Amino acid sequence: MPAPKRMSLRAQETQAKAHCYDWNNKHPDGVCVSYEELRGRGETHRTKTNGPAFVMCCQAVVFIEGVSGAVSLEHCTAVGSEN
């Protein structure tokens, strides 16, 4: 859920924390995700998460395998778990 342009940084951070909380309650570490570098365009990659979601720069992000750095949860869709 992208932050509205007129939302304060504090409100953006609160929204991102809620998004992380929801994600972490629904999905375990290592969940399989479909990831798009450019949301809505481009190639979709299937990989898995490396840890829980967290807030960075007022955005909900997560580490995923094969990508350097954290990626926005807005670009990830959980598709199952890998055991």
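Strands are DSSP runs of E with at least two residues, numbered from the N terminus. Thr47 lies in strand β2. The model under discussion is predicted.

**Confidence**

The chain has a mean pLDDT of 86, and 83% of its residues reach 70 or more. Confidence is lowest in strand β2 (residues 41-48), where the mean is 79, and highest in strand β3 (residues 54-56), where it is 97.

In soluble globular proteins, nonpolar side chains tend to be buried together. Here the largest nonpolar core has 13 residues, and Trp23, Val62 and Cys76 touch the most other members. Helix α1 (9-26) and the strands β1 (31-38) and β4 (59-63) each supply at least two residues of this core. Setting aside neighbours within four places in sequence, Trp23 is in contact with Val31, Val33, Thr49, Ala53, Leu73, Cys76 and Ala78.

**Surroundings of Thr47**

Thr47 is buried, because its relative accessibility of 15% falls under the 20% limit. A polar atom of its side chain lies 2.9 Å from the backbone oxygen of Glu65. Beyond neighbours within four places in sequence, the contacts of Thr47 are Val31, Cys32, Val33, Ile64 and Glu65.

**Cysteines and aromatic rings**

The structure holds zero disulfides.

A pair of aromatic rings is described by the distance of the centres and the angle of the planes. A search of the whole structure finds one aromatic pair. The pair is formed by Phe54 and Phe63, with 5.4 Å centre to centre and 40° between the planes, and is tilted. Phe54 is partly exposed at 26%, and Phe63 is likewise partly exposed at 38%.

The accessibility values cited above are collected here.

| Residue | Relative accessible area | Class |
|---|---|---|
| Thr47 | 15% | buried |
| Phe54 | 26% | partly exposed |
| Phe63 | 38% | partly exposed |

Conventions: Residues numbered from 1 in each chain as written. Predicted model: local features only at pLDDT ≥ 70, side-chain atom pairs only at ≥ 80, totals over all residues. Heavy atoms only, no water. Phe/Tyr/Trp six-rings, centres within 6.5 Å; stacked < 30°, edge-to-face > 60°. Buried < 20%, exposed > 50% of the residue type's maximum accessible area, 1.4 Å probe, protein only. pLDDT = per-residue confidence, 0-100. Helix = DSSP H or I, 4+ residues; strand = E, 2+ residues; numbered from the N terminus. Core = buried A, V, L, I, M, F, W, Y, C linked by side-chain atoms within 4.5 Å. Contact = heavy atoms within 4.5 Å. Polar contact = N/O pair within 3.5 Å; in protein donor to acceptor, adjacent residues only side chain to side chain. Disulfide = S-S within 2.5 Å.
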